[in-house]
Amino acid sequence: MISSANKDIVNKLKPVLSKKEREEIISYFNVYLKYEKDFSEKAREDLKDHPVFGKLIRDIPREVSEAGNRVSQALQKDAILNDNWIPYIEHSIEQGNVYAKMGLDFKSWYEVVMLVKNYLRPYLYKEYGNSDEFLSSLDGMNRFMDIAMGIIGEAYMQEKEGIIKQANEELTERAAQLELFASIVNSSDDAIISKTLDGIITSWNHGAEKIFGYTKEEITGKHISILTPPHLLNEEPEITKNISEGLFVDHYETQRITKSGKTLDVSLTISPIKDLNGKVIGASKISRDITERKKAEKEIHKLNEELELKVKERTAQLERNIQQLIESEEKFQKAFQSSAAGITITRLSDFTYLEVNNAFTEMTGYRREELLNHSSEDLGIISNLDKREEVLKQIEERGFAKDIEMEAWTKSGAHFDILTSIETIILNGEKYAINIIYDITERKRAEEQLEAANKELEAFTYSVSHDLRAPLRAIYGYSQILKEDNYNALDDEGKKNLESILRNSKQMETLIDDLLTFSRLGRKELSTSMLNMDNLVKDICNELILDGVKNKIELKTSKLPAAEGDYTLIRQVWTNLISNAIKFSNSKPEIKIEIGAKPNAEKNVYYIKDNGAGFNMRFYDKLFGVFQRLHSKAEFEGTGVGLAIVKRIINKHNGEIWAESKVNEGACFYFSLPSDKTLK
């Protein structure tokens, strides 16, 4: 029964011989059988020193070799004398497969065949002499050798093709895994730096560039001490000593210097890099709290898809490529597992974990095998399904999600807060999510404590301001009665004192009103709607610019984009900023005020610019503080609370406010609000 795997070779190479050709092969084979022991012993002795077959002769026991020869001779005899070729062909196919798996080359095999022919010729001549039958036996020998070499050679090539195909498939799979790990490195917020044991920087990612300010071209080839403060230079030799001994440096807190000379506090995780022999050849450094990371520099070598004629050369090239992939894969695996942030790779088709790093297992309390092929919902790590769906919607629409705060639970049921950023990648047509996760439980706890303290302070401010109103009104009221009924009875000094009481009590009332407004902002719930900024600013300007100064003011406004906000609070922002621009420019012969905006996809930036007194930027930190005045009361009236109110309102809208100024050249105030496009 012919096997299906060998059927093609059998059909292709089964010899169809004429009577004459069969007789010639029989003439050769009879001599072969008669003298086989004589020339086989000579051939075995001569082949002991052959570079390929010599090792086989030395390694295979003689009795095993002779038993194999007897089987082969029996099959040859059945094929030649009885025309039963199929068993012999199948046996020869197995020989070809074995040669391919052993890596024997055609040249060595051809040398052995030629050696056998050379040994056989004298015996053929001895048997047949100088006759036509001698020539016929030579033709028979050559024909049978060609048949045998054809069958074994065809099987050899098919088996070798299968080996190469399997190697290609394994190489493709490794390339996909390397691409996956490369994506992890590129998605991480950690900075990854590699160096030799001599301290020479060999790789530098985008996260490191953002922290330290050096580009890759500037830093590669430089010594790592360029980042070390002078008083910490003794650290590197000690770190290198530990790494060279195969030790890890885990979460080491120290200081480093940026290109600009700024000193940074950093947390380092350092791992040894080893070659295939296990020898330490360098170190991999990971710095925490980096927002971007460098894309992996090394690219995977393209696979050689075209089959080369020489099998040995093709196999060697494949082995070199596999070796490079193994080394690169080890580097990325170390970066993945050494990250201080939790990293997971999730299959988006069923939301199950494909891979997790050590930091994530420590964070959740689960072992790696407990997490793999399960989802966060299955394990109860994320139980807020509405928040989870919101994140998945962002990923579907934008392909990523940044800085999402969520609640999570450990295996033991302990609650903790996380901050996660997610990027998506596609591998082999399937979409995956790479999650970078930080435990922010302590930060959230501190924020809650700060919020509670602020609420207590606001309540105290409100209470004090409210309690001051009644006596202040009494002072102002009695002073007003005294002025109306007895003003003429007072001397000049008394009149001056009475006017001072009235003026200061009125100013105190304004200050208390501002404090109450400031304290109420902390408790006020926003009532948001889409605001027409053009109409709002126009109404405020008409109210604030009085007829007496209207001709003195040059007001320039440009188109203001709509934004979502609380109408009353945003009106207060514009009122305070426009009134300040008028007040601090009033001493100028001509008041110039410009109001405009700089919209973009996520937020609108509004600004108001004047040509007034301005302020010294050295005192910028005081600008938005309560009771912080950068000008004296004698120069400009006010309570010192207006800009603090503006800042609190903008913060409540998740916006920002800042300013630029030069003394006597005016000031420009900016504030940002979410755009209408972002809110849709």
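This is a predicted model: local features need pLDDT of at least 70, side-chain atom pairs count only at pLDDT 80 or more; totals for chains, interfaces and linings use all residues.

Student: How many helices and strands does the chain have?

Tutor: The chain has 22 helices and 17 strands.

Student: What share of the residues is buried?

Tutor: Of the 680 residues in the chain, 41% count as buried. The accessible surface amounts to about 38,200 Å², and carbon and sulfur atoms account for 51% of that surface.

Student: What share of the contacts joins residues at least 24 apart in sequence?

Tutor: Take the contacts between residues at least 6 apart in sequence; 63% of them join residues at least 24 apart.

Student: Next, the cores. What is the general idea?

Tutor: In soluble globular proteins, nonpolar side chains tend to be buried together. In this chain the largest nonpolar core has 42 residues, and Tyr28, Trp85 and Tyr88 are those that touch the most other members.

Student: Which elements give two or more residues to this core?

Tutor: They are helix 2 (19-47), helix 3 (53-59), helix 4 (62-82), helix 5 (86-102), helix 6 (106-128) and helix 7 (132-187). Helix 7 gives the most, with 11 residues.

Student: Which residues is Trp85 in contact with, leaving aside its neighbours within four places in sequence?

Tutor: Trp85 is in contact with Lys14, Pro15, Leu17, Ala79, Ile80, Phe144 and Ile147. There is also a second, separate core of 39 residues, with Met533, Val573, Trp574 and Phe669 among them.

Student: Which residues of helix 21 are buried?

Tutor: Helix 21 covers residues 642-652, and its buried residues are Leu643, Ala644, Ile645, Val646, Ile649 and Ile650. Just after helix 21 comes Asn654, with a positive phi of about 60°.

Student: How does one look for empty space?

Tutor: Rolling a probe the size of a water molecule over the atoms shows where empty space is left. In the whole structure, the search finds 4 cavities of 30 Å³ or more. The largest cavity has a volume of about 380 Å³. It is lined by 24 residues, and those closest to its centre are Tyr353, Ser376, Ile382, Ile422 and Asn435.

Student: Which elements give two or more residues to that lining?

Tutor: Those elements are strand 6 (342-347), helix 12 (358-364), helix 15 (385-398), strand 8 (400-409), strand 9 (415-427) and strand 10 (430-439). Sorted by class, the lining of the largest cavity has 17 nonpolar, 6 polar and 1 charged residues.

Student: What lines the second largest cavity?

Tutor: Its lining consists of Ile193, Phe212, Ile224, Leu227, Arg256, Leu268, Lys285 and Ser287. By class these are 5 nonpolar, 1 polar and 2 charged residues. The space in the second largest cavity is about 60 Å³.

Student: What is the volume of the largest pocket?

Tutor: The largest pocket has a volume of about 1,600 Å³. Its lining has 43 residues, of which Ser65, Asn69, Ser72, Gln95 and Tyr99 are the closest to its centre. Helices 2, 3, 4, 5, 6 and 7 each supply at least two residues of this lining. Helix 4 has the largest share, with 11 residues. By class, the lining of the largest pocket holds 25 nonpolar, 10 polar and 8 charged residues.

Student: Now for single residues in loops. Where does Phe351 lie?

Tutor: Phe351 is in the loop between strand 6 and strand 7 (352-356). Its phi is near 65°, which is a positive value in a residue other than glycine.

Student: Is Asn664 buried or exposed?

Tutor: Asn664 counts as exposed because its relative accessibility is 53%. This residue is in the loop between strand 16 (657-662) and strand 17 (666-674). Asn664 also has a positive phi, about 65°, although it is not a glycine.

Student: Where is the place of Ser412?

Tutor: Ser412 is in the loop between strand 8 and strand 9. At 69% relative accessibility, Ser412 counts as exposed. Ser412 and Tyr366 are 46 residues apart along the chain, and their C-alpha atoms are separated by 9.0 Å.

Definitions and conventions
Residues are numbered from 1 along each chain as its sequence is written. Side-chain values use heavy atoms; hydrogens and water are left out. Buried means under 20% relative accessible area, exposed over 50%, partly exposed in between (1.4 Å probe, protein chains only). Helices (H or I, at least four residues) and strands (E, at least two) are DSSP runs, numbered from the N terminus. A nonpolar core is a set of buried Ala, Val, Leu, Ile, Met, Phe, Trp, Tyr and Cys residues joined through side-chain atoms within 4.5 Å. Contact means heavy atoms within 4.5 Å. Accessible areas come from the Shrake-Rupley method with a 1.4 Å probe; for residues, only the protein chains shown count as cover. On a 1 Å grid over the protein atoms alone, a cavity is a set of points where a 1.4 Å probe fits but cannot get out, and a pocket is an open set with protein on both sides within 12 Å along at least five of seven lines; lining residues have an atom within 4 Å of a point. Grid points are joined across faces, edges and corners, and a volume is the space filled by probe spheres set on the points. Ala, Val, Leu, Ile, Met, Phe, Trp, Tyr, Cys and Pro count as nonpolar, Asp, Glu, Lys and Arg as charged, and the others, Gly among them, as polar.
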